[in-house]
Amino acid sequence: MIHVLMIVCGGIAGYKALETVRMLKKLACDVRVIMTPASTEFIAPKSFAVLSGHDVVVSESTSCTTAAISHIELAGWADVCCVVPATANTIAKYAYGIADNIATSALLATTAPVCVAPAMNTHMWQHPATQSNIDILRKRDVCIVGPDAGELACGISGAGKLADPEDIALYTYSLALRPARDLVGEDVLITAGPTREALDPVRCLTNYSTGKMGCALVRAARVRGARVHLIAGPLSCVYPTCDSCDHVICAQEMYEATTRYLSSMTIAVCTAAVADWQPANVEAQKIKKDKRAYYDLSLIKAPDILQYISSQHCGYVAGFAAETTDVIAYAQQKLARKGCNLMIANDVSHAESTFGSDTNKVSYVFADRVEHAPCADLTHVAHDIFTHIVADKSQNAAAAAARACAASPAASVVPVASASVAQPGTPLEKTSHDTIH
Ligand code: CTP
């Protein structure tokens, strides 16, 4: 069971921390809560005690109280910490190592990874002091979740809204798995969700994809150190915090948005269930039932985004093959047809791996081998996918370097190690080797 230490700071968004506890419990985490003195003015500690099933630690200072000892115990107990909501004040103290209450002392005392979910007024968030404190935390590998933009309690609209509790819980869980920081320096492009192809102003062709797998991949990539760009169709799950997100509706829009990132991306994972066909004509007005017994729908091919990205040789490219029969054979055909490095196959006719499920059971289909993974929750699957991608990318780079050495005797003096280390868990540099397919 994962031990989560949640630190609750004083802010109106504190009530959402209750929901975050609930989400973490749903993920089978054991949650213990420390509240800053200010946070108790917004929520009663008893609410957290009831939801977490543990006493809540609250104290004015770290001076000689029994609670003062428990912050060290809790800091050691935690597999992961999350600060929800994180105020500008606590962020500043954490950045500068100030330990003037039990919450800030626990943050200093823990060696567990930390997830910080800020919530504050827009101007406070945008203030150079807060931004430089956030930069300090980022450089220390603290995972920053949110804030979102929206209407704030102070009456203005802008950045500073607490991220969705589900996103915070899922990021905390993803971080708790303590993955390697093996995507530092990588620009990961992820397509997710379904597309909608309009028939008329009120109808569309779409599919049952929710986008959950793609969102789990976004979180996994970010906690492993990548910059992540999400191209999202209309998702029916919580949008994850990412470095940039393009909201698109149809295959053509997804294609256009994707092409804008091709020059910067080093890894692409296409999880989106993109329409294969789009209506040849979109009616300007609602199609009427009238007296016809049937309606002829004329469809044309939608752009194949995965195939296009692969043809551009911009980086490592992985696709998904959601199948209902002959899963591996179809995935192998798609791998060859689309020219990507890896096809991740799953059988969507099974409940454990169908659209909308919180679990998945995938097989990794490479040009020379197939590897099967057990069924696991989406967070574990997402990390396993990146472990496979990093290892394969590294092997490809080493193989390309070896070929280059063999082709050019002068290059053979270059040490093999410079071709990149073939170990997952090692940060990979963006080099020309990365474009080898
Ligand atoms: N894909 C894409 N653009 C499309 C269709 C699919 O980028 N227009 C990508 C998906 O994101 C996925 C992979 O291709 O990564 C496989 O998608 P899938 O729908 O399973 O395959 P198709 O090529 O569409 O073939 P089919 O529908 O016949 O199975």
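**A parallel sheet, a hairpin and a ligand pocket**

Strand 2 (residues 29–35) runs parallel to strand 3, and two bridges link the pair. Two strands count as paired here if DSSP finds at least two bridges between them. Helices (H or I, at least four residues) and strands (E, at least two) are DSSP runs, numbered from the N terminus. Within this pairing, Ile34 sits opposite Val57 of strand 3.

Before going on, a word on what you're looking at: this is a predicted model, where local features need pLDDT of at least 70 and side-chain atom pairs count only at pLDDT 80 or more, while totals for chains, interfaces and linings use all residues. Residues are numbered from 1 along each chain as its sequence is written, and side-chain values use heavy atoms, with hydrogens and water left out.

In strand 4 (residues 80–86) you'll find Pro85, and the peptide bond leading from Val84 into Pro85 is cis, with omega near -15 degrees.

Pro147 belongs to the loop between strand 6 and strand 7. Strand 7 (residues 148–151) then pairs with strand 8 (residues 157–161), in the antiparallel sense and over four bridges. Asp148 faces Lys161 of strand 8. This hairpin has five residues between the strands, and Gly155 takes a positive phi near 100 degrees.

On to the ligand. The space it takes is the largest pocket. On a 1 Å grid over the protein atoms alone, a pocket is an open set of points with protein on both sides within 12 Å along at least five of seven lines; a molecule sits in one if more than half of its atoms lie within 2 Å of its grid points. Around the ligand are 15 residues, the closest being Cys270, Ala272, Asp276, Lys334 and Lys338; a residue is near if one of its heavy atoms lies within 4 Å. Helix 11 (305–311), strand 17 (316–323) and helix 12 (327–338) each give at least two residues to this shell. Between helix 11 and strand 17, the loop holds His313, which has a positive phi of about 50 degrees although it is not a glycine.

A polar backbone atom of Ala272 is 2.6 Å from a ligand oxygen, and one of Phe320 is 2.9 Å from a ligand oxygen. For Pro303, a backbone N or O atom lies 2.9 Å from a nitrogen atom of the ligand. Taken alone, the ligand exposes 560 Å², of which the protein buries 79% (Shrake-Rupley areas, 1.4 Å probe).

Notes. A polar contact is a pair of N or O atoms within 3.5 Å; within protein, one must be able to donate a hydrogen and the other to accept it, and residues adjacent in sequence count only if both atoms are side-chain atoms. On a 1 Å grid over the protein atoms alone, a cavity is a set of points where a 1.4 Å probe fits but cannot get out, and a pocket is an open set with protein on both sides within 12 Å along at least five of seven lines; lining residues have an atom within 4 Å of a point.
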